[in-house]
Amino acid sequence: MIKVEGLTKTYGGFTAVDDVDFVCQPGTVTGFLGPNGAGKTTTMRIMVGLTPASRGRVTIGGHHYKDIPNPGRHVGVLLDASAQHAGRTGREVLTVGARTMGLPDSRVDEMLELVSLDAKESKRRVRNYSLGMRQRLGIAHALLGEPSVLILDEPANGLDPAGIRWMRGLLKEYAERGGTVLLSSHLLHEVEIIADEMILIGRGRIVARGDKKSLLAGAGTTATFVTALDNEALAAGLKDKGFAVSSAGEGLRVETEPVEVGRVAADRSLVLTDLRAAEEGLEDLFLSLTSDSQRDHLTEGPAA
Amino acid sequence: MTTAPMAEPAPGFTLDVSGTRPVPFSRLVNVELRKMADTRAGRWLLISIAAVTALVLVIQLSVVLSQGLFVELRDFTVAMNTPMGVLLPVLGVMSVSSEWGQRTAMVTFTLEPSRLKLVLAKFAATMLVAVAAVVVGMALSVVLNLVYGSLSGHHVIWGFGTPDVFYVLLLHIFGMASGFAFGMLFLNTAAGIVVYFVYSFVLPGLFQLGAALMGWFADLQPWIDFGAAQNPLIDGNLTGTQWAHLAVSGLIWLVLPLAVGAWRVLRAEVK
């Protein structure tokens, strides 16, 4: 539904977006991941015509954004939840949007209910909203025109854990009904649960893409957390097989797949109380792929 | 690092927009009018324009009565021009610059990607407000002229024809449009207002000083001094030459800023 082809944006000598290609399919959630300043926002701004591209193009459903009539009815956009007039009430922000799109005011009430802003909150001025409330309002605004495509920049930013869970459910259901969702985040864990496809961007370039499984497979490293009743015996058994073992919390961390650890435990008749893949694999991958584009070089170590 | 190949577009990949009509211009104008009044700042500015105009007229009336002066409708409309001439351009600046200051331009321009259409809708909305302001101001002037007549015992003198109403309207349309132009040029409320006031209050003085000091400039000044060229609108009855002065100086100080400002808004990266 969204097709990005050879997209490049340069500011003077600085390349903010560097030859980016990707596709977002209907019925899926695409997570657009990268550290701050990696080019996510610029890419999304180009998508909706706020920033001109230097090269390449973006089409939504085969159209340039500017050629879509009454675009709010087709594409829901949330680029910055704070970009609302501080002096307008939440209800008024939605009313202005609904009037522009030619929707009845009843749609405003429906959206307020959907994002759980009650009557009292909706009459408060946006100035007095928390960031989480602004995000809810922004999501309500994006959904006003019943669009079939959603483009959301950092929508989880400022939401509390319950809010993040709510948003995940909302977007998942939206995609299951055939909608196309592109959402960006600089936090992996916000996205990995709902994204069918992830696109990792660093310094304006796409560094990896795929679903969680294929990304992890590409990373090549796997580790396991395991806890046994007799950790020492298990550690000895694993070391005999040549696996690197270190202690981690109450149990062990083993540099291999869970199945290998299970085999060793079975061979030696050791009772396990916990066995799972080390989940930080994806996070490590994310950080390593994007580390050269991080603003702060924190733990780079001596140069090789 | 790319691991998964890109999938081919699935069915339903294209967006059917054939059933959607573009946002009509009239709807954009309506929304822009609403946006001028739906914030506290905007609403109070509109109320202040009416209130300050009424206040100035009442002060004028009381001074005139206590001094036993003889006035007619034109004196009231001239008094009305001052507060409206100051405040309407401020509204004009803000109608554009607040979109940038509050960053709502991001939302506005995503709901209507044709920036030219939006600029025109905004301009139309400010013009409608200018017309409404003149109607209210004229009505207040008429009422006070009647009150003056009944309290002073003098005959009520109207002496204000259709052309005069047209001139007053033109004056405030120019003021509002100038504010709008400076709003677009600077995309910043404070800068727009300050530069507008320098332009409308300091520049005419400089032009007159220049004309007084330099002979060659005195011939040029009427053609480039938009402020001075507008003065005959207040007195009514313009000669052909005065219209020409108005057109030429207006081209420089109103049409050019509007064009450059619009060009800037159409090109600007919306942050």
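Which hand does the crossing of helix 5 and helix 6 of chain B have? The crossing of helix 5 of chain B and helix 6 of chain B is right-handed; the label applies if the near helix is turned clockwise from the far one by less than a right angle, and left-handed is the anticlockwise case.

Before going on, some ground rules. This is a predicted model, where local features need pLDDT of at least 70 and side-chain atom pairs count only at pLDDT 80 or more, while totals for chains, interfaces and linings use all residues. Residues are numbered from 1 along each chain as its sequence is written, and chains are lettered from A and ligands numbered from 1 in the order in which they are written.

**Helix pairs in chain B**

Helices here are DSSP runs of H or I with at least four residues, strands are E runs of at least two, and both are numbered from the N terminus. Axes are lines fitted to C-alpha atoms, for helices over the stretch in contact, and angles run from 0 to 180 degrees between N-to-C directions. Here are two packed pairs:

| Helix pair (chain B) | Angle | Axis separation |
|---|---|---|
| Helix 5 (residues 115-152) and helix 6 (residues 162-186) | about 140 degrees | 9 Å |
| Helix 8 (residues 215-224) and helix 10 (residues 240-267) | about 75 degrees | 6 Å |

Helix 5 and helix 6 of chain B are therefore oblique to each other. The cut-offs are under 35 degrees for roughly parallel, over 145 for roughly antiparallel, 65 to 115 for roughly perpendicular, and oblique for the rest. On the helix 5 side of chain B, the contact residues include Phe123(B), Met127(B) and Met138(B), and on helix 6 of chain B they include Val165(B), His172(B) and Phe180(B). Contact means that C-beta atoms, placed from the backbone, lie within 7 Å. The residues of this contact between helix 5 and helix 6 of chain B split into 13 nonpolar, 2 polar and no charged. For these classes, Ala, Val, Leu, Ile, Met, Phe, Trp, Tyr, Cys and Pro count as nonpolar, Asp, Glu, Lys and Arg as charged, and the others, Gly among them, as polar.

Helix 8 and helix 10 of chain B are therefore roughly perpendicular to each other. Pro222(B), Trp223(B) and Ile224(B) of helix 8 meet His245(B), Val248(B), Ser249(B) and Ile252(B) of helix 10. That contact has 5 nonpolar, 2 polar and no charged residues.

**Where the chains meet**

On the interface, 37 residues of chain B are in contact with 46 residues of chain A. On the chain B side, helix 1 (25-37), helix 2 (40-67) and helix 4 (105-111) are the elements giving two or more residues. By class, that side has 18 nonpolar, 10 polar and 9 charged residues.

**Chain A and its sheets**

Chain A is divided into domain 1 (2-217) and domain 2 (223-277), with bounds from an automatic or database domain assignment. Their centres, taken over C-alpha atoms, are 43 Å apart.

One open sheet of chain A has 6 strands in the order 5-6-7-3-8-9, with mixed pairing; strands pair if DSSP finds at least two bridges between them. Strand 5 (75-78) and strand 9 (205-210) of chain A stand at the edges with a single partner strand each, so one side of each lacks a neighbour in the sheet. The twist averages 15 degrees from one strand to the next. Within this sheet, strand 3 (residues 29-33) and strand 7 (residues 180-185) of chain A pair in the parallel sense over 5 bridges, and Leu33(A) stands opposite Ser185(A) in strand 7. Helix 6 (residues 161-176) of chain A packs on the sheet, touching strand 3, strand 6 and strand 7, and makes about 150 degrees with the direction of strand 7.

Another open sheet of chain A has 3 strands in the order 2-1-4, with antiparallel pairing. Strand 2 (14-24) and strand 4 (55-60) of chain A are at its edges, each with a single partner strand, so one side of each is left without a neighbour in the sheet. Neighbouring strands are turned by 20 degrees against each other on average, direction ignored. Helix 1 of chain A packs on this sheet, touching strand 1, strand 2 and strand 4. Strand 1 and strand 2 of chain A form a hairpin with 2 residues between them, and Gly12(A) in the turn has a positive phi of about 60 degrees.

Key: Contact = placed C-beta atoms within 7 Å.
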